[in-house]
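The following report examines selected features of one protein structure. Please view the sequence and the structure before reading on.

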Amino acid sequence: MKFNIIKAVVVLLIVSSCNDILDETPDNRTTIDSAEKIKELLVGAYPEGAYVSFLEPMSDNAGDKGSSATVEFRVNEEMYFWRDLNDIDEDTPTNYWNDAYEAIAQANQALVSIEELGGSTELNPLKGEALMCRAYAHFMLVSIFSKAYNPTTSSTDLGIPYITEPETVLLGDYERGNVANVFDNIQKDIEEGLPLIKDNYEIPAFHFTKKAANAFASRFYLTIGEWQKVIDHSNIALGSDEIAVLRNIASSSNLTFNQQVALYTSSTFEPANLLLVSGNSLYNRIEARARYQLSPGVMSDLFRGNITGKSWSYSIFFRGGSDNNFIPKYQEYFRVTNQAAGIGIPFVTFVLFSTDEALLNRAEAHAMLGQLDDAAADINMSLAVKTDGYDPSTDQFTAADIAAIYQGINPTLYTPFYTISSESYPLVSAILDIKRTIFYNEGLRWFDIKRHNIAIEHLDFFGNSFLLPKDDNRRAIQVPEAAQSFGIQQNPR
């Protein structure tokens, strides 16, 4: 639950004037005068909005199931066809935009309160968490609502407003700036905040611990192509016993459905989960039954088997129809707000960072640096815990083995801003294929699609083709209509 400051600011300013400067404490009921109160504030500094719900149908992880789908879900359909969506409900881009900026405001207020309390050594871990939260929320916003990072165009590509001060007016005069400036600010916050992080949380999985913060840094440096930093931060996120902290799907495939889904987002029993967030979402209700999800064709592409020639260990279930397939990754917690009326708020827990991602980020960085044997070793480690009947004596691959498997890969399939050598290309292809499967229905595929400039074709149930070409402007989701009405420049179409 978010701390009350932002809502109090909004209410106060609506009552007075849209242009008044806040001339009293941000929350006129609560003075933030202790480390404990700053900790409470930081609980709300993580965006709780769902992004999986609108990013997954945009990717090649979705297909049209036609009439076999039993739930019509507007955001699912609109995003499958890459249309601009102005809905404001949970699970929409607008909801995520609002939630991310609310989280940023919480982080900024925490930073100001820390300074007002003297910025002591005791408060440094809270400052580190606040900076990492601010960096993360802005990183997600620019990754979703701007074009992919490209150093040759980032100084002219539209960014998102990078907010570094608490909100003191209801409708601030903010400019989008450019992608280069946003990434510079994110990097500055990461590099200042990460060394301050301490692992002193009661439930670490809901905070930027050292490992979670380094996993975020790994993703950030992967995006901008600083490969050695990806490796360095991934190493910290993984620790010394790497395979022991990966999500072992092979060992959990014999669990019941309820056991599998509970384990996937567990904050205590699943070591792969480095950062979780629980947010208001209907996604658990629609992930299987929505029309533009895991169609039979996509299911075959993703889960028919991997490069070992063996099956993935993922258990596939169906709900409300044989084509309504899904992997047990989500469950809903329903918080009752009116017992008599039977109404309440649905919550879903999402995995924001995991050791699996850190490992495959490192694998890609090794490949890009020409460290092909190291990249192959990371690939083998990932496959070992997610393949049925994996046998290390027969299922280990060398870089040459992987190159032979991917020798016919289209050299124009992946075209990021950086150059991929012919020796690295097969390993990068294998890594992206593995990531597509193991992070299915987690939203991460969309970020790889943008980063590698992958063209997407969606077919409707009747075979009509819809294309999202490389460099298409629709890869940057349109900024919310309300933000546009207050002067935020819209994305080109």
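## Terms and model

Ala, Val, Leu, Ile, Met, Phe, Trp, Tyr, Cys and Pro count as nonpolar, Asp, Glu, Lys and Arg as charged, and the others, Gly among them, as polar. By these classes, the lining of the largest cavity divides into ten nonpolar, three polar and seven charged residues. The structure discussed here is a predicted model.

## The largest cavity

A search of the whole structure finds seven cavities of 30 Å³ or more. The largest cavity holds about 280 Å³ of space. It is lined by 20 residues, and Phe139, Ser143, Thr223, Phe447 and Arg451 are the closest to its centre.

Which elements give two or more residues to this lining? They are α6, α8 (210-224) and α18 (444-451). Of the elements concerned, α18 gives the most, with five residues.

## Helix packing around α6

Helix α6 (residues 124-145) packs with helix α5 (residues 93-116) at an angle of about 155°, and their axes are 9 Å apart. Because an angle over 145 degrees counts as roughly antiparallel, α5 is roughly antiparallel to α6. The crossing in which α5 passes α6 is left-handed. By class, the contact of α5 with α6 has 20 nonpolar, two polar and three charged residues.

Helix α6 also packs with α8, at an angle of about 40° and with the axes 11 Å apart. How are α6 and α8 oriented to each other? These two helices are oblique to each other. Here too a left-handed crossing is found, as α6 passes α8.

## The three-stranded sheet

Three strands form an open sheet in the order β2-β7-β6, and the pairing is antiparallel. Why is one side of β2 (273-280) and of β6 (332-338) left without a neighbour in the sheet? Both strands stand at the edges and each has a single partner strand, so one side of each has no neighbour in the sheet. From one strand to the next, the twist averages 25°.

Strand β7 (residues 343-354) is joined to β2 by seven bridges, and the two run antiparallel. Six bridges join β6 to β7, which also run antiparallel.

The elements that give two or more residues to the lining of the second largest pocket are α2 (35-43), α6, β2 and β6. The largest share, six residues, comes from α2.

Conventions: Residues numbered from 1 in each chain as written. Predicted model: local features only at pLDDT ≥ 70, side-chain atom pairs only at ≥ 80, totals over all residues. Heavy atoms only, no water. Pairing = 2+ DSSP bridges. Helix = DSSP H or I, 4+ residues; strand = E, 2+ residues; numbered from the N terminus. Axes fitted to C-alpha atoms, helices over the stretch in contact; angles between N-to-C directions. Parallel < 35°, antiparallel > 145°, perpendicular 65-115°, else oblique. Left-handed = near helix turned anticlockwise from the far one by under 90°. 1 Å grid on protein atoms, 1.4 Å probe; cavity = no way out; pocket = protein on both sides within 12 Å on 5 of 7 lines; lining within 4 Å. Points joined across faces, edges and corners; volume = space filled by probe spheres on them.
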